[in-house]
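Student: Can we go through this one together? I would like to know what to look at first.

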Amino acid sequence: MFLRPLFSTALRQAARPVARQAIFNRPTPFLTAFQQRLLSDHTKQAIEKAVGSAPVVLFMKGTPETPQCGFSRASIQILGLQGVDPNKFAAFNVLEDEELRSGIKEFSDWPTIPQLYINKEFVGGCDILVSMHQDGSLAKMLEEKGVLAPLEGSDSKE
C-alpha cells in the first residue's frame, strides 16, 4: 500500500536529473547567432538599391494589386488613403525571393513584413503604420517628405 507512492516518487526524482542533463548537453550550432545574422554584401547592396529606388518603398507579401496577406493589404490601403503619389512609390514582393524575404528582416532589424521606408529611412511595419495613421503622424510625415499626390485641380508642380 505504501510502496506505490514511494516508488513513483523515487522514479520521478531519478528521471529529473536525466532530463536536466539532456538540456545542458545540447550540441552548439555550427554558426553563432551573430554569424547567422550577417547579410551577404550582394543582398545588402540589392536591398539598399531597392530602398533608394523611390521615395516611398514597401516590402510586402504580394503586389499592391494582389496583396498576399492581410497586413500587406492594410499597409497598401493606408498608403492609398493617405494619398501617396504612385509615381513616388515602389513595392517589392518578398515572396518572389527568399533571400530578399529573410534579408530585409536583418537589414531593418524588424522581424515582420510588410516594411515601409520613406526617403531611405525605415518607418516600421503594419502595426506602426496603423498607429501613425490613427494619430495623424503618418499624414504629417508624408506631407513633410513631399510624397503625396498633388490635389486635383491644383497648379503646384514639384
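**Aromatic rings and nearby loops**

Tutor: Start with phenylalanine 122, which counts as partly exposed at 25% relative accessibility. Buried means under 20% relative accessible area, exposed over 50%, and partly exposed in between, with a 1.4 Å probe and protein chains only. This is a predicted model, where local features need pLDDT of at least 70 and side-chain atom pairs count only at pLDDT 80 or more, while totals for chains, interfaces and linings use all residues. Residues are numbered from 1 along each chain as its sequence is written, and side-chain values use heavy atoms, with hydrogens and water left out.

Student: How many aromatic pairs does a search of the whole structure find?

Tutor: Five. Rings of Phe, Tyr and Trp (its six-membered ring) pair if their centres lie within 6.5 Å; planes under 30 degrees apart count as stacked, over 60 as edge-to-face and the rest as tilted.

Student: Why is the pair of phenylalanine 107 and tyrosine 117 tilted?

Tutor: Their planes are at 50 degrees, so the pair is tilted, and the ring centres are 6.3 Å apart. Phenylalanine 107 sits in helix α5 (residues 98-108) and tyrosine 117 in strand β3 (residues 115-118), ten residues apart. Helices (H or I, at least four residues) and strands (E, at least two) are DSSP runs, numbered from the N terminus.

Student: Is tyrosine 117 buried or exposed?

Tutor: Tyrosine 117 is buried, at 2% relative accessibility. Phenylalanine 107 is partly exposed, at 27%.

Student: Back to phenylalanine 122. Which ring is paired with phenylalanine 122?

Tutor: That of tryptophan 110: the centres are 5.6 Å apart and the planes at 55 degrees, so this pair is tilted. Tryptophan 110 lies in the loop between α5 and β3, and phenylalanine 122 in strand β4 (residues 121-124), so the pair ties together parts twelve residues apart in sequence. Tryptophan 110 is partly exposed, with a relative accessible area of 22%.

Student: Which residues do ring pairs link into a cluster?

Tutor: Phe59, Phe92, Phe107, Trp110, Tyr117 and Phe122.

Student: New topic. Where is the cis peptide bond?

Tutor: Between isoleucine 113 and proline 114, with omega about 20 degrees. Proline 114 is in the loop between α5 and β3. Most peptide bonds are trans, and most residues other than glycine have a negative phi.

Student: What is the phi of asparagine 119?

Tutor: Asparagine 119 has a positive phi of about 50 degrees, although it is not a glycine. Lysine 120 has a positive phi too, of about 65 degrees. Asparagine 119 is found in the loop between β3 and β4, and lysine 120 lies in the loop between β3 and β4.

Student: Is lysine 120 buried or exposed?

Tutor: Exposed, with a relative accessible area of 60%. Asparagine 119 is partly exposed, at 37%.
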